[in-house]
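Visitor: I'm new to this one, could you walk me through a few of its details?
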Amino acid sequence: AILYRQLTAAARTPLDQRTRVLMHPGHIEEWFQFAKNTLQNESGWKVVAQRSQDTLCHQDCPGGRTVKFDFKEIHLPGFDEPAELVVRPETRSQSHDCNNHEIKLGWQQTVAPGDAFVEQTSNFWIFFMIACLFGESGLQTDSFFCGCKPTLARHQRRVDFPEEGDCAYANFQSHVSGCQELMVIARKGSQRHHFQLVLLFRVPDVELLLSWSSKSFLILLERGREAIRIFLSRFGILEMRELDAKMYVVLGMRNFHRGPPLIPVRSEPSSSGSDGSEVAITQRHGREDLKRWRRFSSEEDPKAFRMAKFLRSFMKELGHPIMTHEVMDGRLLVPYQCVVLREDWLRLREVFWDAFRIQKAAYRRANGGKTAPTLQEDVIPHFLQPSSAAHNEKSHGPAIPRDGSDGNPYEPHLVVRKTFLEVVEVNTSGCRALKRSKSELCRSVAICA
């Protein structure tokens, strides 16, 4: 995980060790998968209260029982898609919600777009009601159900989860009784501006759940629908949505069919000579510090290209480190795209382009031809299919889909040229072939292959 900064001293608590364990990606993934499976299987739920279109039910789960509030056909004017209801945690905690008295979030770390560590406090009255019904021993000060003491938690937003078009927002926090998990899932309703919201959380004390009368649960259902409307119309929600939409920029790399883009080599060459992947260009471009280049290669898979790692390496060699991500809202981007904080990109954009233009010239001289890698800004993000993304995480290497435009740029594919189909072929031997350009290669250009 890529973190913007270390935890502040105020965020360190005696539960840090347990927090690191319970907020581990493996535990988080298990909870997401459990929530997905339980929602797809309605037969396992036991209904304890039902009011109009709202339902409260529960079922067994490891460590207790999972409680589900299901609110259907909630009219929310101004919202068209489920993802619009859920603002990313890093945006909330650095905008209006950092001063929200009812649910206050203080930003600590950003792992990826839609995934952040925050300090949270809550005085929202609906959480007090939930704590009274489902709390273990009074009101816990370190519970995200209600608590005035700042507590470290990890919030995640996932788009197209558990099904396409849905949006989930999860809260994971360490607790005296173990780990608390809370998840809200938003889905489209049957009419425009109507949504279904599902709230899931785990209750460790099963007997307490069964001790309350159905009348108490009916009151909670009624107030729960009211609380949703209040929360989604709170002060600053429109401004946070606008800020969230502009917080990141998606970058894409194209036209590198003759090999990966090049990385500047700022360090002096070793006495043993070249490593076989450097390209020396002439000084005529006016940058004495950008005379030597090498082909980019990923440590996990030298034959694959990862845009996020390329941009990090490129900017690091220029002396301007930048944070890049290949996961956005729980979805893995295709290998030739990455996402960057817009503020960082605008600050370093000119530095990048000054060097990248020289890289394009070096690329043409090294590989021949007239084409060179091209960077596109603010592109539409494309994501790997879940099966490909799962394989990528399991193998810790790049998962390259085999169909469509998201495929490996080095593999043969069809290119549509108006009404003709052109087959792009590559050398299938161990080494990549360099196509001869129309002009002779300059003698001052050395290719170490």
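Guide: Here are some notes on a pair of helices, a lysine and a peptide bond. This is a predicted model, in which local features need pLDDT of at least 70 and side-chain atom pairs count only at pLDDT 80 or more, while totals for chains, interfaces and linings use all residues. Residues are numbered from 1 along each chain as its sequence is written, and side-chain values use heavy atoms, with hydrogens and water left out.

Visitor: At what angle do α9 and α10 cross?
Guide: The axes of helix α9 (residues 307-317) and helix α10 (residues 342-367) cross at roughly 85° and come within 11 Å; axes are lines fitted to C-alpha atoms, for helices over the stretch in contact, with angles from 0 to 180 degrees between N-to-C directions. Helices are DSSP runs of H or I with at least four residues, and strands are runs of E with at least two, numbered from the N terminus.

Visitor: Which residues of α9 meet α10?
Guide: F310, L311, F314 and M315 in α9 do, and their partners in α10 include W345, L348 and F352, where contact means heavy atoms within 4.5 Å.

Visitor: New topic: is K360 buried or exposed?
Guide: K360, which is in helix α10, is buried, meaning under 20% relative accessible area, whereas exposed is over 50% and partly exposed is in between (1.4 Å probe, protein chains only). Leaving aside neighbours within four places in sequence, K360 is in contact with A372, P373 and T374.

Visitor: And which residues does the cis peptide bond join?
Guide: That bond joins F161 and P162, with omega about 0°, and P162 is found in the loop between β6 (147-159) and β7 (167-175).

How values were computed:
Lys and Arg count as positive and Asp and Glu as negative; His and the chain ends are not counted. A salt bridge is a side-chain nitrogen of Lys or Arg within 4 Å of a carboxyl oxygen of Asp or Glu.
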